[in-house]
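Subject: Structure handover

Hello,

Here is the structure I promised to pass on. My notes follow below it.

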Amino acid sequence: MLALTELGQRLRQERESKGLSLEDLQKLTKIQKRYLLGIEEGNYEVMPGKFYVRAFIKQYCEAIGLDTDAIFEEYKSDIPSTQTEDMPQQLSRVRSRKEIPQHTKGVSKAYDYLPTVLVVAGVVVVGIIIWVIAQNIVSDKNKEQANQEAPNSEVQQSNTQEETNETTAKNDNSKSEDEQNAADKKEKEKAEKEKAAKEKAEKEKAEKEKKDSGKQEYKEVQKTGRSATYALSGTDAFNLEVTSTQADTWLDVKNGKGNAFFSSILKKGETKEFDLTKETEARVNIGYSPGVELKVNGKAVDLPFDSSKQVRQVVTIQYQPAEAQ
């Protein structure tokens, strides 16, 4: 990397103090980044010509808020001049009178016409110089215009690429959203089907219980001590629900063969359901009967004893299906 000139160092410090990168400056000035870097490093060989050096430095200064005239004056030793370069050397080589040999009388006589020749030559030289300068100015303007169009083309290509990327991203997002919407719709339909099936099952169960409760018979057969026996008939189902509403209680539910369906603590507010349709007898042992509720096929039935007088109660239910009757 080239050592920075005093001008390049001054420009870079001013640019960095304003928080601008070379990419930011390229967007502001429309000057390619490599030319901006060449200005900071004093590497003017990368420029199309010396005219561009002065023009680019001027744009650089204006973009970062520096006084162009003051910078050109302060760092004139760092900035190349275009006048010396543009003037053809052969046009400045005018021979003086002393350089002309005087060997003959004819040559000596020619000195009489020398002032006129010099005037004409001067006019020609001035005309040539003006023409050369004009050609250089036109050429420099064409190069400057081409240089400005090149960054614009790069910016347009960059913008086109960004628009393409944005379009691709939007399409991907749209696709992702469509897939998510489809998944949500499918999940919703599944939930609705499950809900409808559950409601249908509950409705059928309620209708069956209602139908059975209309003809089922639950009557006391025997009562002694803390135990009582009931007969359940006129129904094809035997569903038992036990709920404790006041306190925890011990609950033991067995069939007529002594096989336990439940034997543990029934907590306050808890309900246990038992499908005993395949059994002919069920024995329900309640440790703490206050607040305990029994339902047979969804219909509440009373405990056989007053809970305030008989805390522990044992209820035996003998079941005979309607179809067997």
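Does Thr68 count as buried or exposed? The model is predicted, so the answer is a computed one. Thr68 has 12% relative accessibility. Buried means under 20%, so Thr68 counts as buried. Thr68 lies in helix H5, residues 68-74. Leaving aside residues up to four places away in sequence, Thr68 touches Lys58, Cys61 and Glu62.

Helix H4 covers residues 50-64 and has 15 residues. From first C-alpha to last, H4 reaches 22 Å. That is close to the 21 Å expected at 1.5 Å a residue. Which residues of H4 are buried? They are Tyr52, Val53, Ala55, Phe56, Ile57, Gln59, Tyr60, Cys61 and Ile64. Cys61, then, is buried and is also one of the residues that Thr68 touches. Just after H4 comes Gly65, with a positive phi of about 85 degrees.

Now the helix pairs. Two packed helices are described by the angle between their axes and the distance between the axes.

H2 and H3:
- Helix H2 is residues 22-29 and helix H3 is residues 33-41.
- Their axes come within 9 Å and cross at roughly 110 degrees. H2 is therefore roughly perpendicular to H3.
- The crossing of H2 past H3 is right-handed.
- H2 brings Leu22, Glu23, Leu25, Gln26 and Thr29 to the contact, and H3 brings Lys33, Leu36, Leu37 and Glu40.
- By type, the contact residues are four nonpolar, two polar and three charged.

H1 and H3:
- Helix H1 is residues 6-17, and the axes of H1 and H3 come within 6 Å.
- They cross at roughly 120 degrees, which means H1 is oblique to H3.
- From H1, Gly8, Gln9, Leu11, Arg12 and Arg15 meet Leu37, Ile39, Glu40 and Glu41 of H3.
- By type, these residues are three nonpolar, two polar and four charged.

Last, the whole chain. How many helices and strands does the protein chain have? It has eight helices and ten strands. The chain holds 325 residues, and buried residues make up 29% of them. Take the contacts between residues at least 6 apart in sequence: 65% of these join residues at least 24 apart.

Best wishes

Methods:
Residues are numbered from 1 along each chain as its sequence is written. This is a predicted model: local features need pLDDT of at least 70, side-chain atom pairs count only at pLDDT 80 or more; totals for chains, interfaces and linings use all residues. Side-chain values use heavy atoms; hydrogens and water are left out. Helices (H or I, at least four residues) and strands (E, at least two) are DSSP runs, numbered from the N terminus. The expected span of a helix is 1.5 Å times one less than its number of residues. Buried means under 20% relative accessible area, exposed over 50%, partly exposed in between (1.4 Å probe, protein chains only). Axes are lines fitted to C-alpha atoms, for helices over the stretch in contact, and angles run from 0 to 180 degrees between N-to-C directions. Angles under 35 degrees count as roughly parallel, over 145 as roughly antiparallel, 65 to 115 as roughly perpendicular and the rest as oblique. A crossing is left-handed if the near helix is turned anticlockwise from the far one by less than a right angle, and right-handed if clockwise. Contact means heavy atoms within 4.5 Å. Ala, Val, Leu, Ile, Met, Phe, Trp, Tyr, Cys and Pro count as nonpolar, Asp, Glu, Lys and Arg as charged, and the others, Gly among them, as polar.
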